[in-house]
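Q: I have a protein model open and I'm new to this. Can you walk me through it?

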Amino acid sequence: FGFLENLLTKLRRRRCTSKQKFGFLKKIEKSFEKSTAEIEAETYKELKKYEKNGEVLWGQVYSIDRPDEKSHRFFISIIYKNTKISIPDQMYFESTFDFGRNYENKMSEEEKLKLRMAMATYQLGAKVCFCIEKTLRSKYIKGDSKGEYVTTVIGNRTKAMQIIRNIYFYHQGRTKSKDKAPRSINIGDVINNAHVLAVREDSVLIEACGVETRLDAYNLNKEFVDNCKKFVSAGDTIPVRVKKLHINEDNVYLTCSGRLDNVSKMISTIKRGDVLIGVVDRYNKEKNTYTVILKNSVPASCQSYTLRQRIPLAIGDKVYVRVVEVVEDLGFVVGHATII
């Protein structure tokens with residue numbers, strides 16, 4: 001502190017120009033700055049504390065790293081407070097994660113690897129939870145950084161998701177008897193901060209209270225979304241309503257909807273054979289289907305070949321829809337459209 005006292009004394013006693021005063025102040029500011037080694041040591045100490053306590057942290061996915069071409073494993077890298085956290089793919093994706101209907105039937109491990117890496121790539125920019133599995137500190141023995149320490153951190157996302165599920169659905173640690181504990185999340189509840197993990201044109205993968213689930217275009221928003229990528233991005237948080245909830249000893253299964261007006265109540269009043277009025281909202285060229293928003297805000301899917309008059313519809317047309325199927329789980333109906 002003697003150095004700082006001398007600088008302050010000079011500022012008080014000497015008549016200095018503004019430029020000189022600015023230079024003195026910069027020296028004072030610099031004296032408080034921490035060296036790279038000090039920052040690294042503090043970060044290591046902080047991360048070791050998190051590792052010991054098993055705390056759940058949040059970071060952003062910023063890269064997918066494969067050690068070498070022969071390896072069938074890779075790392076998903078997370079940024080947390082300017083620190084790189086590497087999560088092995090087997091500690092990132094849960095064993096129940098669905099990579100596609102043909103995943104288990106793939107002939108080679110290389111093809112399976114490509115599917116996993118493709119899904120991880122979809123999640124670039126997403127905010128995900130993780131625990132610290134291991135924090136290592138080593139010293140460079142050669143090169144320009146010889147003698148300096150570097151911190152390497154291995155993370156575990158599946159462990160963090162289990163901890164969050166335990167809090168919301170099993171109440172571990174909150175009460176001695178978890179069977180008597182009231183659930184924090186129930187059907188009909190709104191979860192305000194569901195994390196968007198990956199977005200495709202026709203669906204969105206979210207994580208809510210430690211559970212991964214998908215929203216299709218019908219359930220993403222009150223208005224039908226023709227392309228989910230135009231509505232949300234990985235890294236966003238959105239409110240969702242719980243539609244279905246199943247809890248067993250091993251896992252939690254959750255079905256949600258971004259339609260907060262609780263479509264499940266309205267769709268439960270619709271029966272097969274009902275005729276309802278709606279407005280054509282979208283046309284999906286690939287699936288060759290029209291989406292009609294009914295007056296009760298429930299969406300209806302009508303394939304073009306079911307149109308009674310065989311006349312192509314236009315966006316905004318008013319139509320009658322005769323219901324042939326009620327898909328209550330997904331929050332929409334299938335029907336035949338007739339222009340009014």
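A: We'll go from the overall picture to one helix, then to salt bridges and a few single residues.

Q: What should I know about the model before we start?

A: It is a predicted model: local features need pLDDT of at least 70, side-chain atom pairs count only at pLDDT 80 or more, and totals for chains, interfaces and linings use all residues. Residues are numbered from 1 along each chain as its sequence is written, and side-chain values use heavy atoms, with hydrogens and water left out.

Q: OK. How many helices and strands are in the protein?

A: Six helices and 15 strands. Both are DSSP runs, numbered from the N terminus: helices are H or I with at least four residues, strands are E with at least two.

Q: And what share of the residues is buried?

A: Buried residues are 41% of the 340 in the protein. Buried means under 20% relative accessible area, exposed means over 50%, and partly exposed is in between (1.4 Å probe, protein chains only).

Q: What about the accessible surface?

A: The protein has about 20400 Å² of it, and 50% of that belongs to carbon and sulfur atoms. Areas come from the Shrake-Rupley method with a 1.4 Å probe; for residues, only the protein chains shown count as cover.

Q: Let's zoom in. What span should helix H3 have?

A: H3 covers residues 36-53, which is 18 residues, and at 1.5 Å a residue it should span 26 Å. The end C-alpha atoms of H3 are 26 Å apart, which agrees. The expected span is 1.5 Å times one less than the number of residues.

Q: Which residues of H3 are buried?

A: Glu40, Leu47, Tyr50 and Glu51. They cover an arc of only 100° around the axis, which puts them on the same side of H3. The arc is that of the directions from the helix axis to the C-beta atoms.

Q: Why can residues apart in sequence point the same way?

A: An α-helix has 3.6 residues a turn, so residues three or four places apart point the same way.

Q: Which exposed residues sit on the face turned away from the buried side of H3?

A: Lys45 and Lys52 are the exposed residues there.

Q: What covers the buried residues of H3?

A: The cover includes strands S1 (57-65), S2 (75-80), S3 (83-88), S4 (127-139) and S5 (149-156).

Q: And what comes just after H3?

A: Gly54, with a positive phi of about 65°.

Q: New topic. How many salt bridges are there?

A: The count comes to 11. A salt bridge is a side-chain nitrogen of Lys or Arg within 4 Å of a carboxyl oxygen of Asp or Glu.

Q: Which residue pairs with Lys81?

A: Glu46, at 2.9 Å from N to O. Lys81 lies in the loop between S2 and S3 and Glu46 in helix H3, so the pair ties together parts that are 35 residues apart in sequence. Lys81 is exposed at 54% relative accessibility, whereas Glu46 is partly exposed at 25%.

Q: And what does Glu110 pair with?

A: Arg66, with the closest N and O atoms 3.2 Å apart. Glu110 is in helix H4 (residues 109-122) and Arg66 in the loop between S1 and S2, so this pair ties together parts 44 residues apart in sequence.

Q: What about Glu94 and Arg165, buried or exposed?

A: Both are buried. They form a salt bridge, with the closest N and O atoms 2.8 Å apart. Glu94 lies in the loop between S3 and H4 and Arg165 in helix H5 (residues 157-170), so the pair ties together parts that are 71 residues apart in sequence.

Q: Last stop. Where is Ser301?

A: In strand S13 (residues 299-303). Ser301 is buried, at 11% relative accessible area.

Q: What does Ser301 touch?

A: Not counting residues up to four places away in sequence, Ser301 touches Tyr218, Thr289, Tyr290, Phe332, Val333, Val334 and Gly335. Contact means heavy atoms within 4.5 Å.

Q: And Tyr320?

A: Tyr320 is in strand S14 (residues 318-327). At 39% relative accessibility, Tyr320 counts as partly exposed.
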